[in-house]
Amino acid sequence: MVKIGLEIHGYLLTNEKLFCRCKSEHGLKHSKPNTNICPICTGQPGSKPQLPNKEAIDKIIQTALILGCKINQKLIWQRKHYNWPDLPKGFQNTISGPYAVPVGQKGKFLGIRIRESHLEEDPAAWNPKTGEIDYNRSGSPLIEIVTEPDFKNSEEVIDWLKQLIATLGYIKTIDKKSGIKADVNVSIKNSERAEIKNINSLSNIKAAIEYEIKRQEKELPIKQETRMFDEKQGITIRMRTKEQAEDYRFISEPDLPVIKLDKKRINKLKSQLPETPQEKLKKLIKKHKIDKKSAEILTKKLEIAEFFEEVIKKITPKLAIPWTTTELLSVLNYNKKELDEVDIKPEHFIELLKLVENKTITELKAKEILRSWKEKSSSPKKESEKHSTISEKSEIEKLAKKVIKENPKAVEDYKSGKENALHFLIGQVMKLSNKRADFKTAREILENLLQQS
Ligand SMILES: [Zn+2]
């Protein structure tokens, strides 16, 4: 039987680092190396940590709560020692390790047991090729979530991780844009487990698990060991036999006070938790009668879900769904933007859909207006006045006659049974009308005229 467990690392979404007031910086934001630093996060001799960032403590508690964990009320910082160029002090401050009390433990999230979740500081970034070290991210708060070995295959792992990332993104505790890293442990048939360290994307996590299961089946019995994933070859490689916890020489941190959490603070943080994607999905399906598939697309990202909820206050879901899940999302995808990176206002979107609903403008024109909202939206009413739909039959008929006269080849093709020719002719009518002709009417009129001619 296959057993898979995860140790997941992500960046907490905070403004400042853990023990100094430097900006917490990671993921896509890149400052010039070593510009976002101070004596504390570069571990200069004599420097001592400031009191831990309250925002980080609050967010780790909220994360543990959403994972169903019991919160421990007395937390002690530990020094975890190791020698590596990315660690200027020679130790990492962490609330983890064999003698530590984790922030949260014994939780359960979507059917998978959570062993514990804790908080630690990020080391610097070391480039082994050049030997250069960038301390910008040194001291940023990291969250670590450890699951029990409850997964049975790679698909289960990936589905669960996607939901986890979406949920923690919803409650704004992790920086989902900087991604996650995971250590994955795999064992089969009750053999010892192999741990694959530091895998940095969902697709690599999937590939590493699948490779590792096949390898273990071939090489039974397995010894406990640490491996790494080679992305290029798609294989796992042995690094060392598993290090024991003692190797890190954990001691409790003398420069930081014990964190005492009272029930009141924990309850307050609990009451401030926003809806999870699972709750939002349920609400869209039950309360607003949205079909499951659309609801799943809408709830993938919080900003899209909230935008949609705003829109359906004024627009029927039937119209709002395709315009959000297909049109809006494809415009964002095309511009490689997230909704929270652009300034598209729900009220402008609502106005646009009202114009479509009332047939003041054609769908084609509305799409064009939507496409013009690359950075920000503007009121579509003014724009639409120039482009109101021509639904007047006589006017469209004039255009259609002109198109038929000017395109004898397409007319002949149509008569000999080529359906595509009709699409071409409709396209010409739309073009002549500057996309203002009502599509359906144009089609009807063209078909009629073609049959008569
Ligand atoms: Zn600093």
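## Salt bridges

Glu212, Arg215, Glu219, Glu225, Arg227 and Arg238 form a network of salt bridges (a side-chain nitrogen of Lys or Arg within 4 Å of a carboxyl oxygen of Asp or Glu). The model is predicted: local features need pLDDT of at least 70, side-chain atom pairs count only at pLDDT 80 or more, and totals for chains, interfaces and linings use all residues. Residues are numbered from 1 along each chain as its sequence is written, and side-chain values use heavy atoms, with hydrogens and water left out.

The count of salt bridges comes to 36. In one of them, Arg79 pairs with Glu253, with the closest N and O atoms 3.0 Å apart. This pair links distant parts of the chain, 174 residues apart: Arg79 is in strand 4 (residues 78-81), and Glu253 is in the loop between strand 15 (251-252) and strand 16 (259-260). Helices (H or I, at least four residues) and strands (E, at least two) are DSSP runs, numbered from the N terminus.

Arg79 counts as buried because its relative accessibility is 15%; Glu253 is buried at 5%. Buried means under 20% relative accessible area, exposed over 50%, and partly exposed in between (1.4 Å probe, protein chains only).

## Zinc site

Cys20, Cys22, Cys38 and Cys41 coordinate the zinc ion through their SG atoms at 2.3 to 2.4 Å. Donors are N, O and S atoms within 2.8 Å of the metal (3.2 Å for Na, K and Ca); water is not among the atoms, so sites may look incomplete. The 4 donor atoms subtend angles of 104 to 112 degrees, so the arrangement is tetrahedral (four donors, all angles between 85 and 135 degrees). Both Cys20 and Cys41 are buried.

Conventions. Tetrahedral: all angles 85-135°; square planar, octahedral: opposite > 155°, others 65-115°.
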